[in-house]
Structure formats: structure tokens, C-alpha cells
Amino acid sequence: GSTIGIIGGGQLGRMLAMAAARLGYRTVILEPQADCPASQVANSQIVAAYDDSAALAELARASAVVTYEFENVPVSAAEFLARSVPVFPPARALEVSQDRVVEKSFLNGIGIPTADFRAIDSDEDLGAALDAFGGAGVLKTRRMGYDGKGQRLFRNAAPDGANGSYTAMGSVPLILEAFVSFDREISVIAARGRDGALSAYDPAENVHSSGILHSSTVPATISPQTARSATEAAFAILEALDYVGVIGVEFFVLPNGSLLVNEIAPRVHNSGHWTEAACANSQFEQHIRAIAGLPLGSAARHSDCVMENLIGDEVERAESLLAEPEVVLHLYGKAEARPGRKMGHFTRLMR
Ligand code: ATP
Ligand code: MG
Ligand code: MG
């Protein structure tokens, strides 16, 4: 069989390697940390930085196709690889999702609404933007943020209330987003095959706690029209990017049922982990099918369910969860349960 290259060796890389193995593929991961979650299941690992050109050349030689588990793969690395091996999702998807201003401009450009936003490059910019947004907004780094890191919330900032925040956040490019008073948050995990075929799982309803995903519940409490518009938006994004693979699209649902896209993730997504327990074909298998040029599998769901993350010492719940017959447990093999660290997740089937 052939070999699939995966950039990034965290839990998502690990679960992709497991799905690839089930379909008969070998995997090689590129990951600087030797003792990473994916190292326990991949066939081999290149221990090097994601932008190491010798390592990238080795990855290209070893792989029939290359994919990645996180959106901060350097675009230059993806473009370098793409000269000698197919890379999916395409580098353009990285470019768009790595910068929150580029991402929102792209979405608005294809007719998909987002929160109102302003690029912030100085404390003066921030004061003016907060003024325009009535003193409320979420200030975020444009790049590299995840799990709510690099964010600051303003609720009723006086005109000078944000003084110094640009500097305090490291004088890096920022974005101010208007604060969205959403009813709920949902996400759609969708896929596009190499032949252009489209598929989407049912939207999940997501609850975050301290900026980190806490739970995903399926079905979401939304109308059929809202579910349909979310899926249509995800498909429009896939087509606009000439995408191949699985994508995660996060939405805010407004009180009137209409949607704003919060962000997109060009990879398998934490809010799609429930698919391994409640669907015959998980998001991980779907991604491998898509990038390998196999037919997409069914996204049908056989059970209602709730997925919960096990963060930090919550992993101690594993033993009691194992005693529950309707619970599917998944641990990532991480030795140290540091606070805020995703250690595993479980899905409780509701039937
Ligand atoms: P991840 O990539 O891990 O999902 P992130 O660091 O990219 O997280 P966001 O998804 O931008 O962060 O924000 C995290 C959470 O903060 C959102 O899911 C939502 O609950 C809240 N949030 C973010 N932006 C806004 C906004 N403009 N208005 C209201 N709430 C927001
Ligand atoms: Mg994000
Ligand atoms: Mg998010």
C-alpha cells in the first residue's frame, strides 16, 4: 500500500494515522516533538521542525499524498511540498485560515456573513474601533490563537478604556470583532473529495468553557432551515477554496436563527470527534478517504450523542466512564495531565 504523510503529531494526527491504518495505508508524521501522541500509532516519524527543508523533502519522497492536522503549518512548507507531492487541503486553505482578517474578508467576499471586524495595528486603531462598536468587542491576535488564547473581551469600554491593550498584547497584528450576542454555537464538519463530491455531518451544538471546547451535542437545537444554511455555507467554502479533505466551520446562531461564521479550521475538528462513536464513517476516515482519492463515506448518524473533552485532570474520569456501556472513550496517550491540556474525550450515545 502507499504512505500518507501527516504534518503535526498531536491527537488529531494520531487519530488520522489510526484511520489511515484501518484503510490499509502506512503513515509518516513530521513532528519536532519525538514523544508526541501520533508517534505511538504512526509507522514512522521525521523528527524536525515543520519548515525544515531537508525534512520536508524527505516527507515528500516518502509520501503518496501529504496532509496536516493543524492550520499553522507554514504556507511556504505546504507550497514547497506541493511541487513534488499532492498536498491536501490546498495551501490556499492555510493562507485563509491562518489570519482572522484574511479569513473574514474571504468569507464576506463569497457572501458569508461574519461578525463586523477591524484590523488593529495600534492603540489608536483600537480606541477608534471600540468607539465604532459601542465599547464592546473581542480583541484577538490575527494569527496563531487557539483555545481562546490571545483574546481579550471588552464589554462597556469607555473611549480610553482600551488604552495600552495593543501594546499589552505584544504589539502584534490584532483584530477587533464586534461582540456577538449569540443564542448558541454550532459547527459543521464537511468534506470534499478529489472528485469534487461533497458530504457533511449533522451540525453539532458546542459549549465552550474558558475558551476551550467543553462539549458537542448532536443533534443541535436548531431549525431544519438553520441546519441547511450552515451546511450550504460549509459547501460554499469548500468549493471556493477548491478544497480536498475535511473542514470544520464554526458558527454563531443568532436569536432569529440566522448565522455568522466564527472561524474555519482546514482539518479534522474537535467538535467532530463524536462522529467516531455515532457514525459508521468518522471524520478521520472521511478525511483519509478524501485526500487519498477514495469515494467519500456516508455521513449518516446512527445515534444522538454528546461528546465531552477530558481536559487536564478530568482524565481521571476515565475509569468510571469505562464502566458506562453507552460511552465510547478515547485517550490520547499523553503522559502529563497539565491544566488546560486536552487529554482525551468521550462520547455518550443517547438511545
Ligand atoms: P479554537 O480555534 O480553539 O476554536 P480560537 O482561539 O480560535 O479557538 P475563537 O473560536 O475565535 O477562538 O473563540 C473562542 C470562543 O470565544 C468562541 O467559540 C465563542 O464562544 C467566543 N467568541 C469568540 N469570538 C466572539 C465574538 N466576536 N463574540 C462573542 N463571542 C465570541
Ligand atoms: Mg481557532
Ligand atoms: Mg474557535
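## Contact between α2 and α3

Ser53, Leu56, Leu59 and Ala60 of helix α2 meet Ala77, Phe80 and Leu81 of helix α3. Sorted by class, the residues of this contact are 6 nonpolar and 1 polar, with no charged residue. The model described here is a predicted one.

Two packed helices are described by the angle between their axes and by the distance between those axes. Helix α2 covers residues 53-62 and helix α3 covers residues 75-82. The angle between α2 and α3 is about 45°, and their axes lie 10 Å apart. Angles of 65 to 115 degrees count as roughly perpendicular, and those under 35 degrees as roughly parallel. With an angle of about 45°, α2 and α3 are therefore oblique to each other. Their crossing is right-handed.

## Contact between α1 and α10

Helix α1, residues 11-22, packs against helix α10, residues 283-292. Here the angle is about 65° and the axes are 8 Å apart, so α1 and α10 are roughly perpendicular to each other. The crossing of α1 and α10 is right-handed.

On the α1 side, the contact is made by Met15, Leu16, Met18, Ala19 and Ala20. On the α10 side, Phe284, Glu285, His287 and Ile288 take part. By class, the contact of α1 with α10 has 7 nonpolar residues, 1 polar residue and 1 charged residue. Glu285 of α10 belongs to the charged class, whereas His287 of α10 is counted as polar.

## Chain and domains

The secondary structure of the chain amounts to 11 helices and 17 strands. Its radius of gyration is 20 Å, close to the 20 Å that the globule rule gives for 351 residues, so the chain is as compact as a globular protein of that length. Along the principal axes, the C-alpha trace spans about 60 × 50 × 40 Å.

The chain is divided into domain 1 (3-87), domain 2 (116-177) and domain 3 (184-350). The centres of domain 1 and domain 2, taken over C-alpha atoms, are separated by 35 Å.

## Cis peptide bonds

The peptide bond from Phe88 to Pro89 is cis, and its omega is near -5°. Pro89 sits in the loop between α3 and α4, the latter helix being residues 91-97.

Val218 and Pro219 are also joined by a cis peptide bond, with omega about 5°. The loop that holds Pro219 runs between strand β12 (212-218) and helix α8 (224-240).

## A positive phi value

Which residue other than glycine has a positive phi near 55°? The residue is Ser171. Ser171 is found in the loop between helix α7 (165-168) and strand β8 (174-177).

Methods. Residues are numbered from 1 along each chain as its sequence is written. Chains are lettered from A and ligands numbered from 1 in the order in which they are written. This is a predicted model: local features need pLDDT of at least 70, side-chain atom pairs count only at pLDDT 80 or more; totals for chains, interfaces and linings use all residues. Axes are lines fitted to C-alpha atoms, for helices over the stretch in contact, and angles run from 0 to 180 degrees between N-to-C directions. Helices (H or I, at least four residues) and strands (E, at least two) are DSSP runs, numbered from the N terminus. Angles under 35 degrees count as roughly parallel, over 145 as roughly antiparallel, 65 to 115 as roughly perpendicular and the rest as oblique. A crossing is left-handed if the near helix is turned anticlockwise from the far one by less than a right angle, and right-handed if clockwise. Two residues are in contact if their C-beta atoms, placed from the backbone, lie within 7 Å. Domain bounds come from an automatic or database domain assignment. The radius of gyration is taken over C-alpha atoms; the globule rule is 2.2 Å times the number of residues to the power 0.38.
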